[in-house]
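Please keep the structure in view while reading.

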2 protein chains.
Amino acid sequence: MSAVQALTAQPVLIGLDWGTTAMRAYLFDALGNVVDSRASSEGIMRLPQPGGFDAAFESACGAWLEASPGLPVIAAGMVGSAQGWREAPYVDVPADASALVAGIVDVTTARGVSVRIVPGVIERGDLPNVMRGEETQIVGALASDAIAANSRTLVGLPGTHAKWAVVRGERIESFHTFMTGELYAALREHTILGRTMLEPVEPDTQAFLRGVTVAKHAQRAGLLATIFSTRTLGLTGALSPEQQPDYLSGLLIGHELAGLAALLESRDAPLADEVPRLIGGAALCERYRLALAEFGCRRASVVEAAAENGLWRIATQAGFVPRSAAAPAS
Amino acid sequence: MSAVQALTAQPVLIGLDWGTTAMRAYLFDALGNVVDSRASSEGIMRLPQPGGFDAAFESACGAWLEASPGLPVIAAGMVGSAQGWREAPYVDVPADASALVAGIVDVTTARGVSVRIVPGVIERGDLPNVMRGEETQIVGALASDAIAANSRTLVGLPGTHAKWAVVRGERIESFHTFMTGELYAALREHTILGRTMLEPVEPDTQAFLRGVTVAKHAQRAGLLATIFSTRTLGLTGALSPEQQPDYLSGLLIGHELAGLAALLESRDAPLADEVPRLIGGAALCERYRLALAEFGCRRASVVEAAAENGLWRIATQAGFVPRSAAAPAS
């Protein structure tokens with residue numbers, strides 16, 4: 001058995017990405033590889049009983065801890081919110097991995113295990129912004145290659161509450177929240193726009209890009225003035241019921257990116273010059289890549305396994321992983 | 001009995017403002033005064049049984065027709081949509097009262113009465129716009145005073161689907177739809193923003209204006225980038241739960257007016273120079289007057305009884321009211 005094989009045989013860390021609607025648990029070996037994982041629908045707002053954190057934790061990680069008692073555990077996401085297992089107060093921007101490590105709080109489980117919870121990040125001001133979980137993904141996305149000390153990276157995290165963060169070196173410098181995903185769901189399920197829609201057999205890229213283009217050209221008129229066109233283009237026969245969902249999705253993502261472009265422009269950083277890293281599901285990231293190209297931004301790339309890498313990186317930096325494991329002999 | 005008293009004793013017209021969620025019925029005398037009215041919750045989407053138009057009509061107007069058989073009936077609103085009693089195809093802009101009269105369609109009730117339905121208006125193009133009911137209110141708003149043949153009037157109709165129309169002389173030239181009211185309800189009832197809100201004892205004007213100001217300054221970043229602040233200003237203690245509803249209302253109305261200002265600017269008609277006429281509920285119109293003032297537009301006025309006046313005016317122009325009644329001897 002080689003030294004590397006010996007190291008990989010032994011799990012050294014459990015990492016939890018524990019959000020509002022779901023939880024993912026990862027078992028890491030000493031090289032930071034994920035050797036086992038669990039997906040659960042027991043997000044903090046979907047626990048079978050209020051405060052059922054311990055039961056959900058046991059259900060996801062109990063077997064791993066039986067096999068390897070004393071494994072360190074790190075968690076990120078809404079589990080550290082005021083509605084979570086224990087609140088980990090926000091860390092202010094600019095925030096790097098060291099600042100996150102300094103803000104970690106502990107909660108002890110019924111089994112007696114200490115779960116270390118990574119704090120979220122806040123940017124104060126007239127329009128405050130907060131994130132929980134995304135800061136760990138961003139740290140993970142930066143870990144995937146060497147980052148020059150002062151280089152600037154734009155990181156996009158599409159989803160329910162899409163985040164766009166400007167990272168300088170390895171510090172999260174500023175970020176914005178666009179409620180794109182949640183607004184899409186609310187418009188589709190709870191307004192007149194959903195009534196004439198039918199689910200397409202497969203996504204209609206042309207309808208999506210049509211929405212992106214309309215939003216790009218009508219940004220100053222704003223989203224309130226454009227979304228009704230989802231219905232009126234249906235009334236005039238220009239959009240079939242099956243095209244309307246993708247058109248509306250394109251409209252919203254187009255407004256998000258036009259807003260992002262305006263925010264970047266006010267910092268003399270044109271969106272077209274950016275090389276964004278996208279973190280999220282493959283299909284959604286591909287939508288964003290297509291939409292970004294309409295704004296002249298053609299070099300976006302998708303980062304894989306950002307949450308796992310971020311949890312690993314913060315845990316090693318915090319010293320939760322035995323030094324002999326975290327820095328194996330080369 | 002004077003000549004005027006004799007004329008007013010005799011009803012000459014029934015007018016219906018029949019929308020999606022409600023119906024209002026008016027009984028007019030020969031001078032165009034409303035001498036009786038009924039309000040019903042039987043909007044076309046809330047009829048107790050599908051197609052129950054006849055029953056709803058009888059319930060609102062049956063007694064009037066028993067007392068005055070043969071009264072002419074005119075109706076405006078969603079009752080003329082594809083989901084209505086009978087479809088009255090849209091009339092294209094530019095549209096004045098004559099164009100509306102030319103587009104009227106009839107439906108005969110079980111009682112044998114002919115209900116004349118006023119068509120809606122459409123503006124075609126990349127972002128088509130449609131209205132049903134508002135065209136009649138606009139005609140009514142213009143009727144309230146003499147309009148110079150080519151003067152330009154901006155008419156605002158706040159609500160679920162707010163309309164802003166540019167009227168030249170007496171013709172509706174162009175208009176826009178802002179889904180402000182429906183989006184507010186969807187955000188409040190079906191997203192995370194509503195979860196931290198409490199209903200205030202009375203509206204908080206300061207919180208409302210704060211939202212308007214944020215939207216005005218952040219229009220280019222867009223609504224998707226600002227609405228999350230309703231939650232984060234709560235998290236940071238800058239907005240109480242009771243202030244959040246009015247703040248969000250201000251944000252949305254602010255984005256609407258900033259969008260309107262951009263649309264008007266592209267036609268060289270700055271919003272600050274406009275003297276808008278507002279049609280709608282008193283409290284909502286007052287909100288818009290306050291918000292318009294933040295955009296330098298301080299001369300907005302509220303028009304009363306626009307629907308009634310519009311129904312009367314279109315009916316007389318169509319000849320539904322006996323000439324001797326519609327033009328009483330002076």
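**Interface of the two chains**

Chain A and chain B bury about 3900 Å² between them, and 73% of this area lies on carbon and sulfur atoms. The model is a predicted one. The size of an interface is often expressed as the accessible area that is lost when the parts come together.

*Residues at the interface*

- Chain A contributes 51 residues to the contact, and chain B contributes 52 residues.
- In chain A, the residues that lose the most area to chain B are A:Met179, A:Arg220 and A:Leu224; together they account for 19% of what that side buries.

*Salt bridges*

- The rule finds 2 salt bridges across the interface of chain A and chain B.
- A salt bridge joins the side chains of A:Arg220 and B:Glu265, with an N to O distance of 3.8 Å.

**Packing of two helices in chain B**

- Two packed helices are described by the angle between their axes and by the distance between those axes.
- In chain B, helix H9 (residues 244–265) packs against helix H10 (residues 282–294) at an angle of about 60°, and their axes are 10 Å apart.
- H9(B) is therefore oblique to H10(B).
- The crossing of H9(B) and H10(B) is right-handed.
- From H9(B), the residues B:Asp246, B:Ser249, B:Ile253, B:Glu256 and B:Leu257 meet B:Arg287, B:Tyr288, B:Ala291 and B:Leu292 of H10(B).
- The residues of this contact between H9(B) and H10(B) comprise 5 nonpolar, 1 polar and 3 charged.

Note on methods
Residues are numbered from 1 along each chain as its sequence is written. Chains are lettered from A and ligands numbered from 1 in the order in which they are written. This is a predicted model: local features need pLDDT of at least 70, side-chain atom pairs count only at pLDDT 80 or more; totals for chains, interfaces and linings use all residues. Side-chain values use heavy atoms; hydrogens and water are left out. Axes are lines fitted to C-alpha atoms, for helices over the stretch in contact, and angles run from 0 to 180 degrees between N-to-C directions. Helices (H or I, at least four residues) and strands (E, at least two) are DSSP runs, numbered from the N terminus. Angles under 35 degrees count as roughly parallel, over 145 as roughly antiparallel, 65 to 115 as roughly perpendicular and the rest as oblique. A crossing is left-handed if the near helix is turned anticlockwise from the far one by less than a right angle, and right-handed if clockwise. Contact means heavy atoms within 4.5 Å. Ala, Val, Leu, Ile, Met, Phe, Trp, Tyr, Cys and Pro count as nonpolar, Asp, Glu, Lys and Arg as charged, and the others, Gly among them, as polar. Buried area is the accessible area (1.4 Å probe) that two parts lose on being put together, summed over both. A salt bridge is a side-chain nitrogen of Lys or Arg within 4 Å of a carboxyl oxygen of Asp or Glu.
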